[in-house]
Amino acid sequence: MLGIDNGLIIRLLDLAGIGVFALSGALMAVRLRQTLVTACFFALVTGVGGGSVRDLLIGAPVFWVQDGAIAAVCIAIALTVWATPERWWQQGQLLEWADAAGLAAYAVFGTAKALAWGVPPVPALMMGVITGCVGGTIRDILAGVPSIIMRPEIYVTAAALASGLYLILLWLGLGTAIAAVAGALAGFILRGAAIRWSLALPTYRGPRESR
């Protein structure tokens, strides 16, 4: 990892998060047999939703409004999905794995951007979680399907792991590039394990009623 520009690593994580979230949005639309316009809309709001909320909270210009190429990329991804034979996007758990990759990469990028805007570490961690989770939540709400964050399956925890490990490794002085890649990889592995083995956190059962 030595010699790799730190800014390039963070930028690649940003683009990876946007791209795979846009992919998951487009996949959701075509699975629901929606129109091309709906697929493009799903790709856009899923790709930029979490980052938009983050930017509004930290007082930064909303990133995709400042960079017209981002919306174009989201729409291009939707067009690609639309033009791809059905047998490809119906394979296995493609939507879930695309969402997992976006979650991990975007959580780290959201934390890094919050830190760059002067946000303290703990709120920056929360900005990472918001960046990683909100886009998928918006997608599910628009699609009328149960949101993943309303199920005990590990999801938000994976985003928190990615953000938290990134912060810890930065604090230990390992460098931005190593911290970013390690954090994103850890979050993806945890989320992937949850997909593969249906890992979930315990749910609240409440105190036992006294007799």
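This report describes the confidence, helices, nonpolar cores, salt bridges and backbone exceptions of one predicted model.

## Basis and confidence

The model is predicted, so local features are reported at a pLDDT of at least 70 and side-chain atom pairs at pLDDT 80 or more, whereas totals for chains, interfaces and linings use all residues. Residues are numbered from 1 along each chain as its sequence is written, and side-chain values use heavy atoms, with hydrogens and water left out.

The predictor's confidence in each residue is expressed as pLDDT, on a scale from 0 to 100. The chain has an average pLDDT of 89, and 94% of the residues score at least 70. Confidence is highest in helix 8, at 97, and lowest in helix 5 (residues 86-89), where the mean is 72.

## Helix geometry

Helices are DSSP runs (H or I, at least four residues), numbered from the N terminus. The expected span of a helix is 1.5 Å times one less than its number of residues. Helix 1 has 26 residues and should therefore span 38 Å; its end C-alpha atoms are 38 Å apart, in agreement with that value.

The buried residues of helix 4 are Ile 70, Ala 71, Cys 74, Ile 77, Ala 78 and Val 81. They lie on the same side of helix 4 because they cover an arc of only 120 degrees around the axis, the arc being that of the directions from the helix axis to the C-beta atoms. An α-helix has 3.6 residues a turn, so residues three or four places apart point the same way. The exposed residues Gly 68 and Ala 83 are carried on the face of helix 4 turned away from its buried side.

## Nonpolar cores

A nonpolar core is a set of buried Ala, Val, Leu, Ile, Met, Phe, Trp, Tyr and Cys residues joined through side-chain atoms within 4.5 Å. The largest core holds 48 residues, of which Leu 13, Leu 103, Val 108, Tyr 166 and Ala 180 touch the most other members. Two or more residues come from each of helix 1 (6-31), helix 2, helix 4 (68-83), helix 6, helix 7 (121-143), helix 8 (156-171) and helix 9 (176-197). Helix 1 gives the most to this core, contributing 11 residues. In soluble globular proteins, nonpolar side chains tend to be buried together.

Ala 180 illustrates the packing: apart from residues up to four places away in sequence, Ala 180 touches Ile 9, Ile 10, Leu 13, Val 108 and Tyr 166, contact meaning heavy atoms within 4.5 Å. A second, separate core has 6 residues, among them Ile 58, Ala 60, Ala 114 and Ala 124.

## Salt bridges

Side chains of opposite charge can pair when their charged atoms come close. With a salt bridge taken as a side-chain nitrogen of Lys or Arg within 4 Å of a carboxyl oxygen of Asp or Glu, the count is 6. Arg 54, Asp 55 and Lys 113 are linked in a network of such bridges. Within it, Arg 54 pairs with Asp 55 at an N to O distance of 2.9 Å. Arg 54 counts as buried because its relative accessibility is 0%, and Asp 55 is likewise buried at 0%.

Asp 55 also forms a salt bridge with Lys 113, with 3.1 Å between the closest N and O atoms. This pair links distant parts of the chain, 58 residues apart: Lys 113 belongs to helix 6 (residues 94-116) and Asp 55 to helix 2 (residues 36-58). Both Lys 113 and Asp 55 are buried. A further salt bridge joins Arg 139 and Asp 140 (3.1 Å, N to O); Arg 139 is buried at a relative accessible area of 3%, and Asp 140 is buried at 5%.

## Positive phi angles

Arg 33 lies in the loop between helix 1 and helix 2. Its phi is positive, about 60 degrees, although Arg 33 is not a glycine. With a relative accessible area of 57%, Arg 33 is exposed.

Ser 198, in the segment after helix 9, is a residue other than glycine with a positive phi near 55 degrees. Ser 198 is exposed, its relative accessible area being 58%. Leu 185 is found in helix 9 and counts as partly exposed at 49% relative accessibility. Leu 185 and Ser 198 are 13 residues apart in sequence, and their C-alpha atoms are 19 Å apart in space.

Technical notes:
Buried < 20%, exposed > 50% of the residue type's maximum accessible area, 1.4 Å probe, protein only.
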